[in-house]
Amino acid sequence: VTTEFWNVTLKDLLISGGWLLTIFGWVVSSRQANQREIRKEMRTEIDACCKMAAELLTKGRQYYTTPPTPTSSGTEAEIRFDLQRLLTRVERIEKRCAAFDVTNAGVELMDSLTGGDFESVSRQQVPHNSDLISKIESDVHFLMDALEDGFGRQFK
Amino acid sequence: MSKTLSVARDFSRSPAGRFRSDGQYSGEEFRERLLWPALEEFDQLEVDLDGVLGFGSSFLEEAFGGLVRVHGISAADLRRRLVIRSALGIYKNRVWKYVEDAQRDATTKKP
């Protein structure tokens, strides 16, 4: 083909069009690959946070349903440490992705788990079906749901 | 004059409990031994919460909410004079929430 248009032959246009198409395809697939990686990372992070929250629930149950001891059992320190790790990760997720609104759920869990008479000698042992245990359970659910909802919004 | 207090450096890396009767390094002890004396002596106080192996709400509430409840300082005054530093924003927000709650309770209780 020898048709000329502004000194550019149709052959030239077809060649450069092919290149442009290749570059465009590479950009699109690269973006999709990046998105997939971010999605995978976030999924792993959310699963890890949910696991930590479930473990905190177990520790909280164990702590509040057993009688207080004169010396620290070590469970309190574990709860504080694990909670701080969880809150750090939750806050990081929210900073990274605007679709997540999870720190309020984290704060609720912090207050129910370590508020009131946590680490107090006057702490009363409570039954498994007490309001306190129910509140901790519902706050763990609330946090897990907030994480899943955020994931759904971010990667719909 | 201003001063910086680090909970981890000046008090404990593992602060625990609400009252002195709960054991060493409680919120009450931190407030009575370090926080309140520093506020009495200095106009501006910065409290660094980093470096600690986790806080319980009971510790933070007693230490900072107790400033309003026990020592009678107002939340507005604290806002002017106290700076909370923490890499974890949740802790910083919680401290101010406890201060505001204590102020609200104190205001409600007044005849």
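In the predicted model, helix α2 of chain A (residues 75–96) supplies the largest share of the lining of the second largest pocket, contributing 6 residues. The lining comprises 14 residues in total, and those nearest the centre of the pocket are A:Gln84, A:Thr88, B:Asp50, B:Ala87 and B:Leu88. The second largest pocket holds about 190 Å³ of space. Its lining is divided by class into 5 nonpolar, 4 polar and 5 charged residues.

Chain A contains 4 helices and 2 strands, and its elements follow the order β-β-α-α-α-α from the N terminus. The radius of gyration of chain A is 27 Å, whereas a compact globule of 156 residues would have a value near 15 Å. The C-alpha trace of chain A extends over about 95 × 25 × 20 Å along its principal axes. Of the 156 residues in chain A, 36% are buried. Among contacts in chain A with a separation of 6 or more, 79% are between residues 24 or more positions apart.

Cysteine pairing was also examined. Over all chains, the number of disulfides is 0. A:Cys50 takes part in no disulfide, and the nearest cysteine sulfur, belonging to A:Cys49, lies 7.0 Å away. A:Cys50 is buried, with a relative accessible area of 12%. For A:Cys97, the closest cysteine sulfur is likewise that of A:Cys49; because this sulfur is 12 Å from that of A:Cys97, the separation is too far for a bond, given that a disulfide requires sulfur atoms within 2.5 Å. A:Cys97 is also buried, at a relative accessible area of 4%.

Note on methods: Residues are numbered from 1 along each chain as its sequence is written. Chains are lettered from A and ligands numbered from 1 in the order in which they are written. This is a predicted model: local features need pLDDT of at least 70, side-chain atom pairs count only at pLDDT 80 or more; totals for chains, interfaces and linings use all residues. Side-chain values use heavy atoms; hydrogens and water are left out. Buried means under 20% relative accessible area, exposed over 50%, partly exposed in between (1.4 Å probe, protein chains only). On a 1 Å grid over the protein atoms alone, a cavity is a set of points where a 1.4 Å probe fits but cannot get out, and a pocket is an open set with protein on both sides within 12 Å along at least five of seven lines; lining residues have an atom within 4 Å of a point. Grid points are joined across faces, edges and corners, and a volume is the space filled by probe spheres set on the points. Ala, Val, Leu, Ile, Met, Phe, Trp, Tyr, Cys and Pro count as nonpolar, Asp, Glu, Lys and Arg as charged, and the others, Gly among them, as polar. The radius of gyration is taken over C-alpha atoms; the globule rule is 2.2 Å times the number of residues to the power 0.38. Contact means heavy atoms within 4.5 Å.
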